[in-house]
Amino acid sequence: MSDGSTPLTRRSVEPVVFRVLTLAFTIFIVAYVLIPIVVTLVMSFNEAAQIRFPIKVWSLGWYGDFIASPQWTDALKNSFIIAVGTAVISTTAGILAAWAFERYDFAFKNVLYILIMMPLFMPGVVLGLGVAIAFGGLEIGGVSIYGSRGLVMVAHSLWAMPLVFMLMEATFRTIDNRVVEAANDLGAPPVRTFFEVVIPMVSTGVISSVLFAFVISLNEFVMALFLTDRDTQTLPVLMWLSLRSAGTPRLAVASVILALTVFACLSLIMLWYIRQLRKVSR
Amino acid sequence: MTGEDRAFTVARAAVIRRKRAAPWLLMLPALIIVLIFFGLPTLYMARMSFNLSEGSKLFTPGLSWANYQTVFSNEVFVGAIWTTLQLALMASAATLVIGYLFALLVWLKPAKWRLIFIGLALCPLLISEIAIIFGWWMFFPKNGLLSFALTSSGLISDKISLMYTEFAAFVGLVYLTLPFCFFILLSILDGIDKRMLEAAADLGASPLTIFREVLLPLTRNGMLVAFSQCFIFTMGTYATPSALGPDTLWTMGFLVQEQMLGRNNWPLASALSMVLVVLVAVMMVFTRALATRRATLHV
């Protein structure tokens with residue numbers, strides 16, 4: 001470095017070395033992220049029953065097989081019902097709590113904040129175990145709580161609600177308080193103000209919350225594994241159980257269906273966001 | 001409240017006092033979920049870990065340290081604790097390096113690439129862990145894509161399998177935690193003025209020196225947060241290591257599931273998850289203390 005002649009040569013060599021390294025890393029990272037996705041997508045169009053490369057015959061056979069199998073469509077249905085339930089529960093609870101934190105001062109605010117956020121940092125296996133042993137033997141009106149879809153919805157909300165809460169707290173902070181005060185001054189009851197003034201202002205946040213909660217629940221399978229039985233098991237749980245016995249391209253089809261649902265949700269958020277931007281600019 | 005309108009403030013305070021119940025009413029659903037479905041089960045689990053497991057019953061009420069003694073003296077469980085910590089440490093370190101380079105790449109590249117890269121980084125986050133496991137499950141084995149690609153391109157002559165190795169488990173774990181690391185570090189880098197790098201370069205600093213003297217100190221806290229986030233996440237993940245790794249790769253999460261669903265030993269499963277929770281908590285407190293101390297030192 002102290003050599004006087006190096007700066008010139010280094011200056012000419014360095015950019016080339018750097019460009020090559022950057023390119024190599026870019027290829028590495030793109031390949032790394034895309035490999036499991038592309039492999040799954042390709043395998044779902046395989047004709048044969050074995051997972052084996054190269055693929056000789058292409059077909060949509062396993063998609064047909066998936067749709068024709070009641071076990072798999074039931075699991076998909078369970079996944080959807082539980083994900084919708086989780087979205088409703090966690091969005092309602094999360095938005096109301098975030099509004100309370102934004103608008104009011106109350107005792108133990110810091111403690112409550114930590115309490116609401118804490119489940120997010122807990123491993124799924126711990127949450128699943130806790131809920132399973134606490135509600136394992138509980139029956140209400142002769143109906144067992146354990147194994148019910150409702151219990152899974154609430155368990156998934158333990159992860160989804162803190163995220164909604166975090167997202168909505170940040171969103172509520174961006175709204176113009178004077179508009180809320182004006183609505184109050186004009187005599188609107190708080191409930192009406194909330195639904196007719198506040199919620200429309202944060203609609204993008206609400207839509208994002210709903211869809212993120214939906215996606216979290218749709219993808220989760222460790223808690224669901226602990227809390228479901230044969231009739232209520234979700235698609236990821238069924239995938240996990242059949243991966244343990246034998247993998248077939250049907251699993252790839254299930255993965256593709258899960259991923260497509262998630263990307264459909266993401267597109268909805270984007271479309272809504274663009275719509276809101278247009279509204280503002282108009 | 002800077003006293004711009006005193007009457008208004010007083011009126012508002014009155015409204016707040018009248019509606020003291022309002023925030024609690026608003027928080028009721030969230031509190032029910034957190035207290036009944038998180039607080040109560042956690043307490044129940046703590047209590048359960050002191051029960052005894054005898055015969056075929058799920059548990060026998062009791063008050064003993066026996067389960068914790070088992071966890072800390074039985075080779076299987078002690079081994080699992082070490083395996084979990086080691087795996088989490090190695091995977092988080094690798095994620096930090098890859099995530100840092102990835103974030104640096106996106107930060108330095110022209111803005112037109114940014115959205116594409118961010119979309120790419122979102123993929124592991126949005127795709128179910130089970131689908132990712134299955135993707136690698138088709139990539140590593142003897143008849144998988146890796147082996148096929150290597151043999152057909154003539155790099156190797158015999159089919160190879162990396163399936164059920166620690167490497168496969170490692171690749172899967174890093175994949176899962178990469179987005180956390182990437183987004184935390186990118187948000188930190190976005191707060192740094194790029195002209196500082198130009199200034200350092202103009203003053204004759206080599207890229208490595210710029211990295212060591214300028215970027216590293218500015219991103220140290222972010223790296224710490226990213227690392228601990230990955231560490232906590234990896235410690236609790238059991239599906240990926242148990243599906244991709246060798247049969248002997250027993251993590252704590254795997255043993256919790258094994259004791260709970262396979263052996264029906266609820267007290268032991270509870271004791272093991274309590275240890276897991278404590279390790280996660282220690283890690284969080286540790287990072288927090290380290291991050292704040294560093295922050296005060298720099299100010």
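Predicted model: local features only at pLDDT ≥ 70, side-chain atom pairs only at ≥ 80, totals over all residues.
Side chains of opposite charge can pair when their charged atoms come close. Over all chains, ten salt bridges are counted in the model. One of them joins A:Glu181 to A:Arg103, with 3.9 Å between the closest N and O atoms. Because A:Glu181 belongs to helix H7 (residues 177-185) of chain A and A:Arg103 to helix H3 (residues 70-103) of chain A, this pair ties together parts that lie 78 residues apart in sequence. Both A:Glu181 and A:Arg103 are buried.

Another pair in chain A brings A:Lys109 and A:Asp105 together in a salt bridge, at 3.6 Å from N to O. Here A:Lys109 is partly exposed, its relative accessible area being 23%, while A:Asp105, at 65%, is exposed. In chain B, a salt bridge links the side chains of B:Arg263 and B:Glu258, with an N to O distance of 3.5 Å. B:Arg263 counts as exposed at 56% relative accessibility, whereas B:Glu258 has a relative accessible area of 25% and is partly exposed.

Within chain A, A:Lys56 sits in the loop that runs between helix H1 (6-43) and helix H2 (61-68).

Definitions and conventions:
Residues numbered from 1 in each chain as written. Chains lettered and ligands numbered in written order. Heavy atoms only, no water. Helix = DSSP H or I, 4+ residues; strand = E, 2+ residues; numbered from the N terminus. Salt bridge = Lys/Arg side-chain N within 4 Å of Asp/Glu carboxyl O. Buried < 20%, exposed > 50% of the residue type's maximum accessible area, 1.4 Å probe, protein only.
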